[in-house]
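Take a short walk through this model.

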Amino acid sequence: MLADRYDAEIVKEVLLSRENYKPFPTSEDRSEWCELPQNLKRFWINKGESRLNYSWPTITATQYMDFSRTGNRVRYDTVLLQRRQDLASLVIAECIENHGRFMDDIVNGIWCICEETFWGIPGHGYMMRRQDPLPDVSDRIIELFAAETASLLAWTYYLLKNKLDAMSRMICERIHLEVKTRILDPYLQRTDFWWMGFNQEKMLNNWNPWCNSNCLMAFLLLEDDQQRREAAVVKAMHSLDMYIQRLDPDGGCEEGPKYWIYAGGMLFDGLELLYGATNGKLDVFQEPLIQNVGRYIYKAYIDGCFYANFADSSPKVHIPADLMYRYGRRIEDTRLSGLGAIELKKKHEESTFVHYSIMFRQLSAIFHYAEMEHYIGESPYLRDTWFDGIQVMVAREQEGSSEGLYLAAKGGHNDESHNHNDIGHFIVYCDGSPMIIDPGVGSYTSKSFFSERYSLWTMQSAYHNLPLVNGAQQLAGRQYEADQVHYHQDETLASITMNIAKAYPESAGITSWKRAIKLIRDSNPYIEIQDYFQLTRMSDDITLMLMTPHAPQIEGIGCIALQDVNLHRITIRYNGELFSVSIDTIVLDDEAMREVCGDRLYRIMLSAQTAVNQGESIIKISK
């Protein structure tokens, strides 16, 4: 899409030089900084003031080794990312105030980061050629946070260069040296990083646009050699093409809404950089696929901060307001830009503070803030959506409102990026409130990826809204997939049907398991889960799982009620003669999950009371 349309000769003609590339005003270009809303300026100055005379947190060798010793990814990562967050806040505060009082702390932050042996996190050390509890300083790998760090330092250089030079010319020289050595040179010299996609990698995910966009920022802001800048742009386009060509035409994000921020969202960042650095000459925003990638996020929107989450995505996601707004404006989609404006109005100045301190996004959010405050777009509440590529359907009772029942369900396969074993899984919301859910994922540890991933309960099908048959759960792998998938929607019905038998191993003894998941929009709307199954042998070891954050209330045989603190309520009806009910309480000790789901989850288990080799189950869910 990119490289075949814009070759090296075109790039040479249209790419701005570093001196002419002015994406945002520097600290010396005062007019736009001075015109920012007073409340926004005060917000960022307060952030900077909280770090005046700051004692930068230390990073030691044994802190890094903690990951190899305990598997913990939080303790080291938190300190590393906090340094970057604090530097970004100080830089923005100085640009707004322009009195110089933040400069000493900024220089200390720059120096601390430049002194780090490795800009990445221990969990990504697997990319190094020599495996060791400590990083190999001779192996300059580029991973997510190394690329992010280069981008942050490049923006710091761009915004404050004259002020930094007035203190010491060594500061900017050090930034330039470290970014060149760690990021710019390896980016041009190496093609073996898996996320680049140049070696027939089995899977590409958010790493590709995330790394490419940040490396591209560093080149555009720091690289003096125009030929190297051109080479970086050409290489970024080739690498991004490797990612784009693997996307489904519908733009669906198999990694879920949380990762859209860094997958589709970072693809947008990369395309925006190419657009801006060429005065709009490199432009693919009219491509249907690029537009659909943006539209995914409002098609997955439920209400508030809730999105239809599958894979490693949390049910609660805070999508950067300005990212949605700018994406929507660029592709002329008022639903997408409108959702961005809605998010800004919920969080106000806080919406300009971006996780991981992605400076490009923070600066964009700051300078679009006043414009977004007054923007009113189209409602993002779509009634029906079908993502054919990832086999995900979403449906609500009515267009333009979160009131009533909401259903999302998926087919797909069990080798998706950030996969959970969840073929045939579904979620239910009522009036925008979660009722039957996908729990998401806990804090990442050394077990979260590679061989031990499916030892974690959050990844297993027994903790999704799925059958457990003869003690067998679904397995991971491309061959474990939904079959005979069909989607239908009209005014009164939205449904997905599939055979999920292939998602299970032979030990499950399943010949066929046809599941139909429906939202019926009649005078009394309801959701129906129909399971028609055939087994290879007689068995009473059949259990249907339902996950919920609310304590289930048994209201007689065949009837369960769920109710949240705001009195949103659903009733679950099932055949009480065929199935008995039990409740498993899951106490959550993971902080990331507690923030989303509370201190516990409940697993409703509907278990067969008699042995059968075929049968039917119908679960009906209504308000």
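Is V441 buried or exposed? V441 has 14% relative accessibility, so it counts as buried. Buried means under 20% relative accessible area, exposed over 50%, and partly exposed in between, with a 1.4 Å probe and protein chains only.

This is a predicted model, where local features need pLDDT of at least 70, side-chain atom pairs count only at pLDDT 80 or more, and totals for chains, interfaces and linings use all residues. Residues are numbered from 1 along each chain as its sequence is written, and side-chain values use heavy atoms, with hydrogens and water left out.

V441 sits in the loop between β8 (433-436) and β9 (467-469). Strands are DSSP runs of E, at least two residues; helices are runs of H or I, at least four; both are numbered from the N terminus. Leaving aside residues up to four places away in sequence, V441 touches D312, H420, T458, M459 and M593. Contact means heavy atoms within 4.5 Å.

Next, the helix pair. R83, R84, L87, L90, V91 and E94 in α5 meet M103, D105, I106, I110, C112 and I113 in α6. These contact residues divide into eight nonpolar, no polar and four charged. Nonpolar covers Ala, Val, Leu, Ile, Met, Phe, Trp, Tyr, Cys and Pro; charged covers Asp, Glu, Lys and Arg; the others, Gly among them, are polar.

Last, the pocket. The lining of the second largest pocket divides into nine nonpolar, nine polar and nine charged residues. A pocket is an open set of points on a 1 Å grid over the protein atoms alone, where a 1.4 Å probe fits, with protein on both sides within 12 Å along at least five of seven lines; lining residues have an atom within 4 Å of a point. R246, D248, E254, I390 and H413 lie nearest its centre.
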